[in-house]
Amino acid sequence: MDHFLYRDGMLHAEDVPISEIAAQVGTPFYVYSTATLTRHFHLFDEALAGLPHLVCFAMKSLSNQAVLKTLAQAGAGMDVVSGGEYARAKAAGVPGDRIVFSGVGKTEPEMEQALTGGIRQFNVESEAEMALLSQVAMRLGKTAPITVRVNPDVDAKTHAKIATGKSENKFGIPIDRARDVYAHAAALPGIKVVGIDVHIGSQLTELAPFAAAYEKVAALTEALRADGHTIDRLDLGGGLGIPYERSNIAPPLPTEYGAMIKETLGHLGCEIEIEPGRLISGNAGLMVASVVYVKDGADRQFLILDAAMNDLIRPAMYDAWHDIVPVVEPAPGSEPATFDVVGPVCESGDTFAKGRTMAAVARGDLVAFRSAGAYGAVMSSEYNSRPLIPEVLVNGDQFAVIRPRPTFDEMIARDTIPSWLD
Ligand code: LLP
């Protein structure tokens with residue numbers, strides 16, 4: 001559920017008409033709903049009630065400071081994957097002991113930054129990383145709390161580019177080698193083992209792959225405890241999917257996910273961490289664009305928007321579906337139309353949807369891409385020198401621009417000219 005509904009024939013973000021935001025900030029733009037963000041966080045938090053737990057928002061999905069602050073104030077921890085994300089989390093007021101650091105390629109400066117600023121745990125992904133982390137911690141006179149990310153060799157049944165839990169993927173250490181790797185960890189002086197980490201992929205639409213992975217983690221917990229390790233914490237990653245195509249699939253709900261966690265892992269007495277991104281931020285955001293032209297092709301109509309692949313890369317990159325709806329609600333019984341929905345960028349990949357049957361919109365109309373809050377703004381670029389589009393946050397009947405659109409001059413001023421060209 002989200003808070004983007006038609007009221008009096010006009011799409012609203014909570015109590016704010018989208019047309020009002022468009023008139024003030026211009027299109028294209030992203031708009032997020034505070035109520036949806038916090039509602040989704042609380043759904044996860046409540047799904048794990050009864051177990052000691054922490055919901056760490058995977059901020060790679062949406063990392064605007066205002067969004068982070070909203071979730072931090074609701075009680076969320078953060079899952080970070082870079083020094084930049086760590087700095088953003090801290091700047092949003094998240095204490096170090098609510099930040100977990102994931103990622104396969106943590107650098108020495110990133111380790112130092114997190115150890116100095118405070119960290120709940122590093123989710124370590126290789127023995128080389130473990131050894132370096134131990135050295136860095138020793139140099140700083142600290143001990144680094146770690147989990148080891150295991151790769152359970154489970155098929156997440158999602159798009160190949162976002163599946164991470166098969167043995168051919170670069171992530172984690174093979175679960176069969178885990179006991180050796182934990183023995184190595186125990187011997188390193190700068191490291192303290194606190195648990196196990198697993199994340200098998202993103203946009204999972206069934207519980208079975210999660211359950212298969214978590215059962216392997218349960219067995220590993222017992223084996224590692226028998227080896228003498230302290231396993232108090234299980235980080236179960238993120239990955240629960242959302243219904244991008246509303247008429248089509250209905251992925252499991254956070255309550256069902258929570259119940260499955262309790263069933264597979266509840267008996268172990270561990271603190272549970274989860275790292276949801278998309279399910280918290282995805283349906284909390286729209287991307288709003290204007291129709292620039294409707295163009296007749298040889299055998300189709302192109303709907304040419306002022307938003308492009310640089311603003312929302314998911315369709316080009318993952319063949320992703322986003323529902324595209326008109327901002328002015330179509331009159332009951334009005335005839336739909338079929339379009340190839342495209343942007344102005346100079347490549348054919350700049351296509352949001354092919355042969356999409358949708359409301360019959362015309363030049364000048366506003367359209368909204370649903371489920372665009374996750375992996376939207378964060379993956380945007382200035383390709384074709386199209387300035388990054390603004391982000392807006394709505395809260396009830398208020399809204400605020402939380403990242404302004406840079407002017408052309410600001411965009412150009414980021415480049416510097418070497419002396420020999422002056
Ligand atoms: N934890 C780890 C270690 C991850 O790698 C990810 C996502 C998450 C948590 C959050 O997963 P989520 O709950 O959002 O599914 N750009 C792609 C998605 C990439 C996901 C990368 N890792 C997309 O637009 O579909």
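Mentor: Let's start with the domains, whose bounds come from an automatic or database domain assignment. This is a predicted model, where local features need pLDDT of at least 70 and side-chain atom pairs count only at 80 or more, while totals for chains, interfaces and linings use all residues. Residues are numbered from 1 along each chain as its sequence is written, and side-chain values use heavy atoms, without hydrogens and water.

Now find domain 1 (4-31 + 283-413) and domain 2 (34-281): the largest pocket lies between them, because both give residues to its lining. A pocket here is an open set of points, on a 1 Å grid over the protein atoms alone, where a 1.4 Å probe fits, with protein on both sides within 12 Å along at least five of seven lines; lining residues have an atom within 4 Å of a point. The largest pocket holds about 610 Å³ of space, the volume being that filled by probe spheres set on the points, which are joined across faces, edges and corners.

How many residues line the largest pocket? There are 32, and K60, T164, F171, H199 and Y375 lie nearest its centre.

Next, look at the ligand. It is surrounded by 18 residues (each with a heavy atom within 4 Å of it), and S202, E275, R314, Y318 and Y375 are the closest.

With E275, a side-chain N or O atom is 2.6 Å from a nitrogen atom of the ligand. On its own the ligand has 590 Å² of accessible area, and the protein covers 91% of that (Shrake-Rupley method, 1.4 Å probe).

Note on methods: A polar contact is a pair of N or O atoms within 3.5 Å; within protein, one must be able to donate a hydrogen and the other to accept it, and residues adjacent in sequence count only if both atoms are side-chain atoms.
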